[in-house]
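Open the structure in your viewer and switch to a cartoon view with residue labels ready. We will go one selection at a time.

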Amino acid sequence: MALLPQGLLDLLTSWWATQPHNDEARVHVPRTDPLEDVEPTPVPREAIRCGAWAGAATMATASTIRRDVALAKRLGLHRLDVIINDHSKWKQPRDYDTYSRTKIVALLKAANDAGLEVHVTSWVMPHEAYLRRMGLELHEIAEAAPVAGFVLDAEEPWTQAILPMPWTKAADLVAEVMGDLRWGVTGIGYTSKTKLAPLVKRGSFMLPQCYATRDTALRPANVAPVLCERWRNMFG
């Protein structure tokens, strides 16, 4: 990661590091690791599919798009998840928006032309006006460029939103505005079941974020099995 140029993986290496990551559910983080001595199950190399996030720095110019898509290919990545906005610091109701549509579409098309599986990641908040606009814009992006799937990032702007819709009604509205688009949900490993379950159950897939930090007892070697098992138990 330290050898990569600024751009590709920018949100993976720096954006996440700047986030507070203090979701209310984190008070339930166990201080002892139930799988501390469990060895990760070996996975055949041919079964491993790797991808990366790419955001504003990658789509900044035509040259940064070409540079980072080429880098993704050299690294042997299979997919690129293009993050189209940043609402990470918002909890109160706000308008839905994205980065430049032209730049988003240019990156999606370039990655697809290079043979990468292309996905779009957007923040999501449980407010009616926000969600209705989100649906319109994501459909427009799907019409303008090839997209294999949409990932809705339901972190604190969803779980700690101010004046949120009831969680079930918000999830119903997400399903309504997304229509026939293929979509799923990502969130932190120790997310709130009450607030996220209605949304996860209406999507096509779930992506638990399995990373270790200093404020948890989980280690990089076992964080994935522990948190994936938690999501399976919560959401099926």
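Helices and strands here are DSSP runs (helices H or I, at least four residues; strands E, at least two), numbered from the N terminus. The model is predicted, and local features need pLDDT of at least 70, side-chain atom pairs pLDDT 80 or more, while totals for chains, interfaces and linings use all residues. Residues count from 1 along each chain as its sequence is written, and side-chain values use heavy atoms, without hydrogens or water.

Now colour strand 3 (residues 117–123) and strand 4: they run parallel, joined by five bridges. Two strands pair if DSSP finds at least two bridges between them. Ser122 sits opposite Leu152 of strand 4.

Next, show side chains on strand 4 (residues 149–153). Which way do they point? Gly149, Val151 and Asp153 go one way, Phe150 and Leu152 the other, and all are buried (under 20% relative accessible area, 1.4 Å probe, protein chains only). Because five of the five residues are buried, strand 4 is largely enclosed by the rest of the structure.

Move on to strand 5 (residues 183–188), which pairs with strand 4 in the parallel sense over four bridges. Here Phe150 faces Trp183.

Finally, zoom out to the open sheet of six strands, ordered 1-2-3-4-5-6 with parallel pairing. Strand 1 (51–54) and strand 6 (206–209) are at the edges, each with a single partner strand, so one side of each has no neighbour in the sheet.

Methods
Buried < 20%, exposed > 50% of the residue type's maximum accessible area, 1.4 Å probe, protein only.
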